Amino acid sequence: MNSKGYKSKIKVDDTVILSDQDGLHSITVDPGNAVNSRSGVFLHSDMLGKEYGGRVWSNKGRTYRWALHPTPELWTLSLPHRTQILYTPNISLITSLLELVPGTSVCESGTGSGSLSHAIARTVAPTGHLYTYDFHAERVQQAKTEFSTHGLGELVTCECRDVCRDGFGLEDAVTAIFLDLPNPWEVILHCPISFKPGYNRLMSFSPCVEQIQKSCVALRGVGFTDIQMHECLSQQLQVSSCRVSEARLEENSARREDTEILSVVPKLSMPSHTGYLLSVVFV
């Protein structure tokens, strides 16, 4: 996630994502610490100098974990949850519809656990900037620490601010705004002054359609256009092998022969509704 690129080897104070059959677990490397798990004890000191993507073994040498370089996608799956978060299917749609590219200036509220913030910072690097706000002072301080640890401090300005009451404190500063708030319609009035002259985009995430309805009324009232609503549902496909019997016709006889084939079918269960994404344009 570092704005200066990927590292090849693990060093002190690096963030490392450990992966095994139980899932993903993030750590900050400290030579005096260890990871205690049912699969063994993994000393941080044993990880120093090892290459990212390789195995790190327990102190008994019986089990291992993969030491992965952090990315926004891996961080989303392993971060400490301070709030509910957005996951990669929604995040990918958001960065696409906001038309984020390197050099874009973006405003986000609220910061929450920083899942989307990391993805935005990676997308707009190295010359863009993210202004992110949350009303909860402790969450803001924790997010600042994570941005700095992950090498994103120069790309992100994180502040404690009640944007519903005070706005963003920005003028002609950004071309994209994202809102993840219980009452986004109270913030929409403050958005136009923060946009740069020209073409700008705003998106809002809300779990309930009633929130979307109130937001649409507020958006029309201040001149937003091209209002669209999206719902992102991820359908997984399951690949499995099976044997089928085929008839083989020969010159004087017929016989049946079993053949192994691969089948691809949708899984019977899939992640359900997470929320609605409202996408609009301001010119």
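Hi everyone, let's start at Thr15, which sits in strand E1, residues 15–20; helices (H or I, at least four residues) and strands (E, at least two) are DSSP runs, numbered from the N terminus. Before going on: this is a predicted model, where local features need pLDDT of at least 70, side-chain atom pairs count only at pLDDT 80 or more, and totals for chains, interfaces and linings use all residues. Residues are numbered from 1 along each chain as its sequence is written, and side-chain values use heavy atoms, with hydrogens and water left out.

So, is Thr15 buried or exposed? It is buried, at 7% relative accessible area; buried is under 20%, exposed over 50%, and partly exposed in between, with a 1.4 Å probe and protein chains only. Leaving out residues up to four places away in sequence, Thr15 touches Ile27, Thr28, Tyr52, Pro70, Trp75, Thr149 and His150, where contact means heavy atoms within 4.5 Å. With His150 there is also a side-chain polar contact of 3.3 Å (a pair of N or O atoms within 3.5 Å; within protein, one must be able to donate a hydrogen and the other to accept it, and residues adjacent in sequence count only if both atoms are side-chain atoms).

Now for the charges. How many salt bridges are there? The count is 9, taking a side-chain nitrogen of Lys or Arg within 4 Å of a carboxyl oxygen of Asp or Glu. Here are some of them. Asp14 pairs with Lys7 at 2.6 Å between the closest N and O atoms; Asp14 is buried at 6%, while Lys7 is partly exposed at 37%. Arg139 meets Asp134 at 3.1 Å, N to O, with Arg139 buried at 16% and Asp134 buried at 6%. Asp166 and Arg165 come to 2.9 Å, N to O; Asp166 is partly exposed at 37% and Arg165 is exposed at 62%.

Last stop, the largest pocket. Its lining has 38 residues, with Gln84, Ile85, Leu86, Asp180 and Phe205 nearest the centre. Elements giving two or more residues to that lining are helix H3 (88–97), strand E7 (105–109), helix H4 (115–124), strand E8 (129–134) and helix H6 (163–166). A pocket here, on a 1 Å grid over the protein atoms alone, is an open set of points where a 1.4 Å probe fits, with protein on both sides within 12 Å along at least five of seven lines; lining residues have an atom within 4 Å of a point. Thanks, and I'm happy to chat!
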